[in-house]
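Subject: Structure handover

Hello,

Here is the structure I promised to pass on. Please open it alongside this note.

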Amino acid sequence: MDTIETIATWGYKPDGSAQIFDLAPGADLPEGWHLSPTVITDPSLASADALTMRATGHTFAHVVDVPASEPSAVDELLAALTEIDRLKAVIETGKAENEALVAEIEAAEGALDGASAAMAELQASLTKAHEDGRVTVAERNAAKEAVEALAAELAQVKADLDAATAPKPANTAKGK
């Protein structure tokens with residue numbers, strides 16, 4: 001098997017992608033690719049490879065005798081390790097976002113419960129005021145209609161919140 005002396009060199013794009021190029025000694029990266037991950041303008045777009053290189057401050061360039069038709073086991077291992085690190089970061093970010101959403105949902109549910117209790121108290125005091133003769137039938141009916149409209153709106157908001165926060169069925173389709 002023939003081997004070609006190449007230099008495995010990381011290349012980076014501003015969109016965050018990173019790739020290893022097997023370059024002949026003295027050869028430049030293809031157009032649009034850069035030697036440093038500092039060209040990545042939005043770190044949230046960076047691939048795990050680019051983040052690793054940026055964090056360590058290293059560029060990946062060393063002379064390797066690579067068989068012309070087979071990838072290096074070292075390259076495959078590095079790619080697997082950086083993908084694992086990237087996936088761990090995605091999981092941690094997702095957990096933090098989920099915790100924030102749960103806190104927001106619990107706060108919204110608390111506010112809805114408080115509003116429901118206040119509406120019940122208002123309706124009870126309206127009934128009591130009517131019984132005591134402090135309000136006329138027309139005033140009581142107008143206030144009752146307003147309270148019922150607010151109760152219906154509150155019920156719809158609660159139903160919308162329940163629908164939005166209901167667990168979604170798992171995607172069990174093959175190949176997705």
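Below is what I found, from the overall make-up down to single residues.

This is a predicted model, in which local features need pLDDT of at least 70 and side-chain atom pairs pLDDT 80 or more, while totals for chains, interfaces and linings use all residues. Numbering starts from 1 along each chain as its sequence is written, and side-chain values use heavy atoms, with hydrogens and water left out.

**Overall**

The protein has 3 helices and 3 strands. Both kinds of element are DSSP runs, numbered from the N terminus: helices are H or I with at least four residues, strands are E with at least two. From the N terminus, the order is β-β-α-β-α-α. Of the 176 residues, 19% are buried. Buried means under 20% relative accessible area, exposed over 50%, and partly exposed in between (1.4 Å probe, protein chains only). The protein exposes about 12,200 Å², and carbon and sulfur atoms supply 59% of that area. Areas come from the Shrake-Rupley method with a 1.4 Å probe; for residues, only the protein chains shown count as cover. Take the contacts (heavy atoms within 4.5 Å) between residues at least 6 apart in sequence: 54% join residues at least 24 apart.

H2 has 60 residues, and its end C-alpha atoms are 88 Å apart. H3 has 29 residues and should span 42 Å; its end C-alpha atoms lie 41 Å apart, which agrees.

The buried residues of H2 are Asp 75, Thr 82, Leu 112, Met 119, Leu 126 and Ala 129. In H3 they are Val 147, Leu 154 and Leu 161. H2 is part of what covers these H3 residues. Just after H2, Gly 133 takes a positive phi of about 80 degrees.

**The core**

Which residues make up the largest nonpolar core? They are Leu 112, Met 119, Val 147, Leu 154 and Leu 161, 5 residues in all. The elements giving two or more residues to this core are H2 (73–132) and H3 (137–165). H3 supplies the largest share, 3 residues. A nonpolar core here is a set of buried Ala, Val, Leu, Ile, Met, Phe, Trp, Tyr and Cys residues joined through side-chain atoms within 4.5 Å. Leaving aside residues up to four places away in sequence, Leu 112 touches Leu 154, Val 157, Lys 158 and Leu 161.

**Aromatic pairs**

Rings of Phe, Tyr and Trp (its six-membered ring) pair if their centres lie within 6.5 Å; planes under 30 degrees apart count as stacked, over 60 as edge-to-face, and the rest as tilted. The count is 2 aromatic pairs. Trp 10 and Tyr 12 are stacked, because their ring centres are 6.2 Å apart and their planes at 15 degrees. Both Trp 10 and Tyr 12 are buried. Phe 21 and Trp 33 have ring centres 5.0 Å apart and planes at 75 degrees, so this pair is edge-to-face. Phe 21 lies in strand S2 (residues 18–23) and Trp 33 in the loop between S2 and helix H1 (48–56), so the pair ties together parts 12 residues apart in sequence. Phe 21 and Trp 33 are buried too.

Arg 86 is in H2. Arg 86 counts as partly exposed because its relative accessibility is 32%. Its side chain makes a polar contact with the side chain of Glu 83, at 2.7 Å. A polar contact is a pair of N or O atoms within 3.5 Å; within protein, one must be able to donate a hydrogen and the other to accept it, and residues adjacent in sequence count only if both atoms are side-chain atoms.

Best wishes

How values were computed: Expected span 1.5 Å × (residues − 1).
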